[in-house]
Amino acid sequence: GESVGLHLPTLSVQEGDNSIINCAYSNSASDYFIWYKQESGKGPQFIIDIRSNMDKRQGQRVTVLLNKTVKHLSLQIAATQPGDSAVYFCAENRGAAGNKLTFGGGTRVLVKP
Amino acid sequence: ETGVTQTPRHLVMGMTNKKSLKCEQHLGHNAMYWYKQSAKKPLELMFVYNFKEQTENNSVPSRFSPECPNSSHLFLHLHTLQPEDSALYLCASSQELAGGPSTDTQYFGPGTRLTVL
């Protein structure tokens with residue numbers, strides 16, 4: 001029979017608009033956060049990271065915001081392009097747990113031309 | 001390309017077969033990882049090797065057996081798998097500091113798509 005897949009929230013965005021992808025984390029001891037992008041048939045690709053002593057970090061067309069008070073992380077993509085269509089994952093490194101990343105379920109971004 | 005390669009890219013095997021997945025990183029990193037990505041669950045960490053020593057086995061069944069002969073190569077030996085083990089198996093590497101928690105970025109390979117019949 002057909003297997004039931006993981007339901008991914010989907011963000012549909014018009015080409016040229018800005019995208020905002022959100023992620024909630026639960027462990028207040030987490031001190032490092034990463035956003036990954038995964039295109040179909042490929043492994044996750046690093047986009048941007050942020051450490052817990054910062055609340056904002058900017059890259060090329062991307063900005064990550066960290067709100068430790070409410071344990072919330074967001075990724076903003078400016079002027080979204082068709083090549084931005086992918087699944088986006090946030091990951092947290094839980095401090096004393098060492099180099100172990102815990103991943104969120106992912107958000108699918110679909111860019112409409 | 002991320003500097004992490006995986007072979008084969010696709011593998012179909014029966015439940016009685018024995019096969020191995022291979023990962024090689026060309027980044028000079030000292031830590032390597034195996035992850036499982038299935039349609040039903042988020043990305044799951046399976047094994048961690050730091051400086052060629054296994055430091056994490058995330059309650060993985062013994063039908064999965066990792067091997068790390070050197071800091072550049074990582075294998076995942078598979079035997080008597082079950083259909084529910086069908087998934088994308090991802091390898092990653094990072095540069096870790098000795099003696100303590102580190103927060104370096106992990107770089108992923110393209111994965112091996114495994115189907116168990």
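This is a predicted model: local features need pLDDT of at least 70, side-chain atom pairs count only at pLDDT 80 or more; totals for chains, interfaces and linings use all residues.

Reader: Why is B:T112 called buried?

Author: Buried means under 20% relative accessible area. B:T112 has 0% relative accessibility, so the label applies. This residue sits in strand β11 (residues 112-116) of chain B, and its contacts beyond four places in sequence include B:L11, B:L21 and B:Y89.

Reader: What makes the pair B:P8 and B:T112 a polar contact?

Author: The cut-off for N or O atoms is 3.5 Å. Here the backbone oxygen of B:P8 and a polar side-chain atom of B:T112 are 2.5 Å apart, which is within that limit.

Reader: How do you know that A:D49 and A:R57 form a salt bridge?

Author: The rule asks for a side-chain nitrogen of Lys or Arg within 4 Å of a carboxyl oxygen of Asp or Glu. For A:D49 and A:R57 the N to O distance is 2.2 Å, so the pair qualifies. A:D49 is buried because its relative accessibility is 10%, while A:R57, at 36%, is partly exposed.

Reader: Why do B:E44 and B:K41 count as a salt bridge too?

Author: Their closest N and O atoms are 3.9 Å apart, and the limit is 4 Å, so they count.

Reader: What parts of the chain does the salt bridge of B:R63 and B:D85 link?

Author: The side chains of B:R63 and B:D85 meet at 2.7 Å, N to O. B:R63 lies in the loop between β6 and β7 of chain B, and B:D85 in the loop between β8 and β9, 22 residues apart. B:D85 is buried, because its relative accessible area is 2%.

Reader: What makes β3 and β8 of chain B paired strands?

Author: Pairing takes at least two bridges, and these strands have seven, in the antiparallel sense. One of the bridges joins B:E24 to B:H73. The open sheet runs β1-β3-β8-β7.

Reader: Why are β1 and β7 of chain B said to stand at the edges?

Author: Each has a single partner strand, so one side of each has no neighbour in the sheet.

Reader: How many salt bridges cross between chain A and chain B?

Author: The rule finds zero there, although four residue pairs are in polar contact. Together the two chains bury about 1,900 Å², with 54% of it on carbon and sulfur atoms.

Definitions and conventions. Residues are numbered from 1 along each chain as its sequence is written. Chains are lettered from A and ligands numbered from 1 in the order in which they are written. Side-chain values use heavy atoms; hydrogens and water are left out. Helices (H or I, at least four residues) and strands (E, at least two) are DSSP runs, numbered from the N terminus. Buried means under 20% relative accessible area, exposed over 50%, partly exposed in between (1.4 Å probe, protein chains only). A polar contact is a pair of N or O atoms within 3.5 Å; within protein, one must be able to donate a hydrogen and the other to accept it, and residues adjacent in sequence count only if both atoms are side-chain atoms. Contact means heavy atoms within 4.5 Å. Buried area is the accessible area (1.4 Å probe) that two parts lose on being put together, summed over both.
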